[in-house]
Every structure is written in structure tokens, then in C-alpha cells.
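Hi,

Here is the structure I said I would pass on.

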Amino acid sequence: MKINIRKFTQLEQKEQIKEFKVEQDNLLKALEEIKKNQDSSLAYRYGCKSGICGSCAIRVNGVEKLACRTTIKDGDLIEPLKNSKVIKDLVVDVSHETLLIKKTNSAIKQKKENLTLTQKDVLKIDIQSNCILCNACYSSCPVYDVNKEFLGPFALTRALRYENDKKGQNEQIINNIQTNGIWDCTLCSACTFVCPQGIDPKMDIMQLQNISIQKGYSNPYMNTFDNNMGFDSNDFGFDPNGSF
């Protein structure tokens, strides 16, 4: 079968789509086949080869996938992740997204003493703990596309994981996700659709919004509207509190 790969190098500042003929139908194995037999300059990233490390995240026909878990078909277009600087071919720079995690300060700052954990406590953080930081969610995110200071899906998922962790206390987490964070998300579910671990960042962000409200925070974008959405009751020719 034949597949197409978008190649790019910073040195040459040149982008091109090249066609390759492959025997393997697993994408990662096909990339290895191409590098070994056809184009030794092809750059891609991988690690565990078993869907655990997340380093082989890539786009296939515009959809974020893990190369090691993806079965390809004739004519597929293979591209690097979006919303990150391309270093070479299918390898992107993910250092900025790593910094965004640090901004949330998501960690246990003060461990509780004499704590008893139940299975329910473990399950409360289990799903979010499965995030492999593959960056598929950032590639698919329309908000991150236009605002690189947006904390983004996996940073906010991590924030919920530590906010719900009964083992410790960290009052800074909720405060740190108010700006360029939970209120900036459009709740479009793009991140949820592409997560290889079945995590739902959209629901995580909605939970963080509810926690924030309970702790006295509010959506700053709602402050631009008054209770009647900026309209006087007479604007529509009818006053429910007046007379006909």
C-alpha cells in the first residue's frame, strides 16, 4: 500500500508531502520500514511501542492517533501534531506544554497525617492518573490553537487529579487555573474524542468549574452580562411587570 507523509525541516524551511510504499499496516512499523529501506532521514518519535509512553502521537488524515496503535490503509496522510513547532518531519517541540503543567502547581504540597484511604478515594483520581502526556489533546484543541497561554486539556486534567487527591492539600491549584484556564475552554469535546486513554478532559474541566464556584470563584466572562443579558424589559415592546 502507499501512504503520504508530510515532511519538514527547520534548516531548509521546506515542507513537502512524500509518497512511500509500505508492507506493514501498523503505522509505527511502517515508519520503521520507511526509515530502514527508503528514507533514512525520516524523523519520528517513539518509545515503548505499546501505547504507554505517548511519545509517538501523530495525525492520520487530520485525526490525532498513537502510531503504535494505529492500523493504516492505502492513501493515508501522516502529519505531525498541530499547535506545536515542528522540529523535523513528524517530531514536534512539546516543551511549552510541559511548562503549562507547572503553572497549575498540581502536586501534593502538604501531606495529611493519619490518613485512611478507601478504594473510592483511589478511584476518584484513577482515570486522570492514566494521562500519558501524548499531546494529542493540545493538537486538537481550538482554544490552544489561538492562545498558547491557555493551560489546556492535560494540564487541567492533572489539576483535577491533584485537587481530588485525598492524600494532600494544595489550595493553590484552583487559584492557578482561573486565568487562561477552565473558563477559557469552549467545552467542544475535541480533546475527549482523541484521547487514547479514554480520559474526558471536558468533564474534568467542568468539574473544576463547579469546584471553583463552590470555593467562591466565578466565570469572569459572565461579568460582562447583567441579569437581563443587557436588555431593558421594554426593548421587546412588552413589560411582564407592566400593563398591556
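Let me start with the charges: the structure holds 16 salt bridges. Keep in mind that this is a predicted model.

Begin with E19 and K2, which form a salt bridge with their closest N and O atoms 3.9 Å apart. The two residues sit 17 residues apart and tie distant parts of the chain together, with E19 in strand β2 (residues 14-21) and K2 in strand β1 (residues 2-9). As for solvent, E19 is exposed, at a relative accessible area of 51%, while K2 is partly exposed at 41%.

Strand β1 turns up again in the next pair. R6 bridges to E79, and here the closest N and O atoms are 2.7 Å apart. R6 belongs to strand β1 and E79 to strand β5 (residues 77-79), so the pair links distant parts of the chain, 73 residues apart. Buried or exposed, what is E79? It is buried, because its relative accessible area is 8% and the cut-off for buried is under 20%. R6 has 21% relative accessibility and therefore counts as partly exposed.

The last pair is R161 with D165, whose closest N and O atoms are 2.5 Å apart. R161 is buried, with a relative accessible area of 15%, and D165 is buried as well, at 5%.

Now the fold as a whole. The protein chain has nine helices and nine strands. Its radius of gyration is 23 Å, whereas a compact globule of 244 residues would come out near 18 Å. Along the principal axes, the C-alpha atoms fill a box of roughly 80 × 60 × 30 Å.

Some numbers on packing and surface, too. Of the 244 residues in the protein chain, 42% are buried. Among contacts with a separation of 6 or more, 62% come from residues 24 or more positions apart. The chain exposes about 13900 Å², and carbon and sulfur atoms supply 50% of that area.

Cheers

Note on methods
Residues are numbered from 1 along each chain as its sequence is written. This is a predicted model: local features need pLDDT of at least 70, side-chain atom pairs count only at pLDDT 80 or more; totals for chains, interfaces and linings use all residues. Side-chain values use heavy atoms; hydrogens and water are left out. Helices (H or I, at least four residues) and strands (E, at least two) are DSSP runs, numbered from the N terminus. The radius of gyration is taken over C-alpha atoms; the globule rule is 2.2 Å times the number of residues to the power 0.38. Buried means under 20% relative accessible area, exposed over 50%, partly exposed in between (1.4 Å probe, protein chains only). Contact means heavy atoms within 4.5 Å. Accessible areas come from the Shrake-Rupley method with a 1.4 Å probe; for residues, only the protein chains shown count as cover. A salt bridge is a side-chain nitrogen of Lys or Arg within 4 Å of a carboxyl oxygen of Asp or Glu.
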